[in-house]
Amino acid sequence: MFVGLNNMDNSVAILMATYNGESYLAAQLDSIRNQSETNWKLYIRDDGSTDDTAHILERYAEQDSRIVIVHDHRGNVGVKSGFWSLLTSVDATYYFFSDQDDIWLPDKLNKSLSCLRESDLNIPTLVHTNLKPVDATLKPLGGKLYPDAGLDKPNVILASNSVTGCTIGINRILRDAICQDDASSMVMHDWWMGIFAAYIGQIKYISDATILYRQHGNNQVGTDTSIWSRLRRINAYNAEIARVDQSMIQARAFLKQHSRQLSEAQRQLMSVYSNINALSFIQRLRACIRYQFRKQSVLGTISLWNIIMFKNKRLETN
């Protein structure tokens, strides 16, 4: 049961975690300042940069009172904990997440904010958008990363994160429902929020690309979606097995923290996925067929089922 929010001030918080981002940070800050929606505050936590990032932030904060530098004594905690620290400490009605190296298109914030404002404030809501991959010089790499909204489903999002963190916006009631959760239980903060929204709230998707998603050597998470890249990832069995194992551990932790908010059918689906390695071969096969666990692509789903069905045998022979 969620506490109703009624009338709030419609404040908008943009959260950014930075680390050694001097190469692209200014361009991203400019793109946020140039948004058609102007009523926002940008909260930035630096994770102990050793380059010129801190000076760039100070300069922009002096120029624009909407930019707030958040200081703490936690030191270098990583991108996930950095964002989580901001989310749990900043008070707002709507929250958006920004990487340090992308470019927001002028209507990015307005489109997402309009979608959130059209939603019931008492329903935990996450909106995410398409994005356009570009190289370090902003040259288009072709295509869009996220194809459609059909992947925002409970049987998909457990094994494969369908929401891209730098495109996400959430409302206050979703934030309040998860801000006491343990960040160490999460693979990534955006994935955790996506699971919560898919199971307990709602996910809304905007098919327009709203950001230029810059790909370069220092990205935390890249987006090489070519067929050869997918095949390489599938063939890297140890890494792929680790990713699946992490998703199951995360599902188990989510179930522990939010079980009472789930329906019986949801609890069963999540419980089966998170503990599927303990089942017999036949039971695993039946579970995959019944619950249709899958990833975002056909190749990814084949890889997932292969790991679920044959992981133990392969590990024994390695």
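A nonpolar core is a set of buried Ala, Val, Leu, Ile, Met, Phe, Trp, Tyr and Cys residues joined through side-chain atoms within 4.5 Å. Buried means under 20% relative accessible area, exposed over 50%, and partly exposed in between (1.4 Å probe, protein chains only). The views below come from a predicted model, in which local features need pLDDT of at least 70 and side-chain atom pairs count only at pLDDT 80 or more, while totals for chains, interfaces and linings use all residues. Residues are numbered from 1 along each chain as its sequence is written, and side-chain values use heavy atoms, with hydrogens and water left out.

**View A. The largest nonpolar core has 54 residues.** Leu-15 and Tyr-199 have the most contacts inside this core. Its largest share, eight residues, is supplied by helix 7 (residues 189–199); helices here are DSSP runs (H or I, at least four residues), numbered from the N terminus.

**View B. Here are the neighbours of Tyr-199.** Leaving aside residues up to four places away in sequence, Tyr-199 touches Pro-154, Ile-157, Leu-158, Leu-262, Gln-266, Leu-269 and Met-270. Contact means heavy atoms within 4.5 Å.

**View C. Asp-176 and Arg-172 form a salt bridge.** The term stands for a side-chain nitrogen of Lys or Arg within 4 Å of a carboxyl oxygen of Asp or Glu. In this pair, the closest N and O atoms are 2.7 Å apart. The two residues lie four apart in helix 6 (residues 172–178), so about one helical turn separates them. Asp-176 is partly exposed, at 33% relative accessibility, whereas Arg-172 is buried, at 14%.

**View D. Arg-243 meets Glu-240 in a salt bridge.** Their N to O distance is 2.6 Å. Because they sit three residues apart in helix 9 (residues 237–258), they are separated by about one helical turn.

**View E. Arg-267 pairs with Glu-264 in a salt bridge.** The closest N and O atoms are 3.0 Å apart. Both residues belong to helix 10 (residues 264–274), three residues and about one helical turn apart. Arg-267 is partly exposed, at 25% relative accessibility, while Glu-264 counts as exposed, at 53%.

**View F. Four residues, Asp-91, Arg-172, Arg-175 and Asp-176, are joined into one network.** The links are salt bridges that share partners. How many salt bridges does the structure hold? There are eleven.
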